[in-house]
Amino acid sequence: MTDTGTDTAATTSATVSASETRSSEQLIRAEAPVLAHNYHPLPVVVARAEGTWVEDVEGRRYLDMLAGYSALNFGHRHPALIEAAHRQLDELTLTSRAFHHDRLAGFAERLAALTGLEMVLPMNTGAEAVESAVKVARKWAYEVKGVSPDRATIVVADGNFHGRTTTIVSFSTDETARAGFGPFTPGFRVVPYNDLAALESAVDETTAAVLIEPVQGEAGVVIPDDGYLTGVRELTRRAGCLFIADEIQSGLGRTGRTLAVDHEGVVPDMLLLGKALGGGIVPVSAVVARREVLSVLGPGEHGSTFGGNPLSAAIGSAVLDLLATGEFQRRAAELGEVLDRGLAALAGSGVTGYRARGLWAGVDIDPAIGTGREISERLLAEGVLVKDTHGSTVRLAPPLTITEEELGSALAALTKVLS
Ligand SMILES: Cc1ncc(COP(=O)(O)O)c(C=O)c1O
């Protein structure tokens, strides 16, 4: 090594990270000049975590009622997932898809078996899975359905959240997510969520797919009427277009079933998974689909250097083994009833409404009591982490490993900050 400057810089930065001694307050202040301000985090600096609990720099403990927006469905550092990660770190971490590796087939087999679908396209983040699905749906429309070149449309729902890329924000209905980021990708039609008649009138011979969230998470845990998902399935089949279910947040046990579409026994043509698939350790996402659909991709037409890497596949496989036991889905269903009862008791006492499915709830706060952000800050002071959305809503999505006692204490804290 002749470039001693680089060497010294590397040594210095390693020394800084190994000896971080700043307080929470100092670390928060230090972020402002060096980090993009695209988030407005609650003022807590987490340094350690285990199960349902996180600990800040000063050693204060908090009950995590957000679980990384469902990326931590199995809690922080689940022993089986940590063990799978360690084992894989000792063997092989990355090959790129230029070569085969020994963990990928098993991961895809498990994923297909769990979802009742046939083929897997592994990616990393949720947004990448959505982008991939958009590309696959368009190609399927041209090659299989026979839509004229560059005419394919995809129908999406008002209030959607599918990620942050330029194409995805092109069909967002949230002005904050869009403003300043045009020009936008064409080819999307937006209809009201939970409205089959509107969907029917938006679908035509150019429609490649209908893309919806079976439960709209970011919108505030908005649950469609019973029969909506069945209706979307029947309508898309009749219209000869694909049904893409974005279960990146709703999937993998959160709602009390493996998938939110399972509540209506519906199987989409393409299923998008992410977040919890990486066990809260690495970003792992996937498009899972019928063979006829994913077969439209050939070599060189799509890919990702890190997609399906050995570490991700090993951790993803361990996640799927946990889900195969059914334990987490059962816990979400049973404790979901406790959560539902607890929130029902708060209706009219600071809560103007709520929507809950499994261990997942959007709680609308009476504006007279405070904003969603203010309630989140008051809960932080009580040792409970949640996140607000859309001004007046607080989202609850604890790890599915939470105990009934812990859930009770979170509900007690919510009762306290609302009174
Ligand atoms: C339904 C849904 N789709 C896609 C995404 C995007 O995932 P990521 O942040 O991993 O890109 C999210 C993230 O919240 C989501 O909730």
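These legends accompany several close-up views of a predicted model.

**View 1. The whole chain and its confidence.** The protein chain has an average pLDDT of 95, and 96% of the residues score at least 70. Residues 1-12 are the stretch to treat with care here: pLDDT stays under 50 over them, and the model has 1 contact beyond four places in sequence for this segment. Where pLDDT is low, the predicted coordinates should not be read in detail.

**View 2. Two domains and the side of domain 1 that touches domain 2.** The protein chain is divided into domain 1, made of 4-70 + 329-418, and domain 2, which covers 80-324. Their centres, taken over C-alpha atoms, are separated by 26 Å. Domain 1 brings 20 residues to the contact and domain 2 brings 16 residues. On the domain 1 side, at least two residues each come from α3, α13 (327-346), β12 (361-365) and β15 (393-396). Helix α13 supplies the largest share of that side, 4 residues. By class, this side of domain 1 holds 8 nonpolar, 9 polar and 3 charged residues.

**View 3. The shell around the ligand.** Here you can look at the 15 residues around the ligand, of which Gly126, Ala127, Gly163, Ile248 and Gln249 come nearest. Which helix gives the most to this shell? That is α6 (residues 126-145), with 3 residues. The shell has 5 nonpolar, 7 polar and 3 charged residues.

**View 4. Strand β7 between its pairing partners.** Strand β7 (residues 207-212) has 6 of its 6 residues buried, so the strand is largely enclosed by the rest of the structure. It pairs with β5 in the parallel sense over 4 bridges, and Val156 has Leu211 of β7 as its bridge partner. Strand β7 also runs parallel to β8 (residues 242-246), joined to it by 4 bridges. In that pairing, Leu211 has Ile244 of β8 as its bridge partner.

**View 5. Asp158 and its contacts.** Asp158 sits in the loop between β5 (153-157) and α7 (166-170). Is Asp158 buried or partly exposed? It counts as partly exposed, because it has 15 C-beta neighbours inside 10 Å. Leaving aside residues up to four places away in sequence, Asp158 touches Thr173, Val190, Val191, Pro192 and Tyr193.

**View 6. Backbone geometry worth a second look.** Most residues other than glycine have a negative phi, and most peptide bonds are trans. Gly182 and Pro183, however, are joined by a cis peptide bond, with omega about 0°. Pro183 belongs to the loop between α8 (175-178) and β6 (188-191). Ala67 has a positive phi, near 55°, and lies in helix α3 (residues 67-70). Ala67 is buried because 27 other C-beta atoms lie within 10 Å, where 20 or more are required. Asn194 also has a positive phi, near 65°, and its place is in the loop between β6 and α9 (196-202). With 19 C-beta neighbours inside 10 Å, Asn194 counts as partly exposed.

Note on methods:
Residues numbered from 1 in each chain as written. Predicted model: local features only at pLDDT ≥ 70, side-chain atom pairs only at ≥ 80, totals over all residues. Near = placed C-beta within 6 Å. Nonpolar A, V, L, I, M, F, W, Y, C, P; charged D, E, K, R; others polar. Buried ≥ 20, exposed ≤ 12 C-beta atoms within 10 Å, placed from the backbone. Contact = placed C-beta atoms within 7 Å. pLDDT = per-residue confidence, 0-100. Domains from an automatic or database assignment. Pairing = 2+ DSSP bridges.
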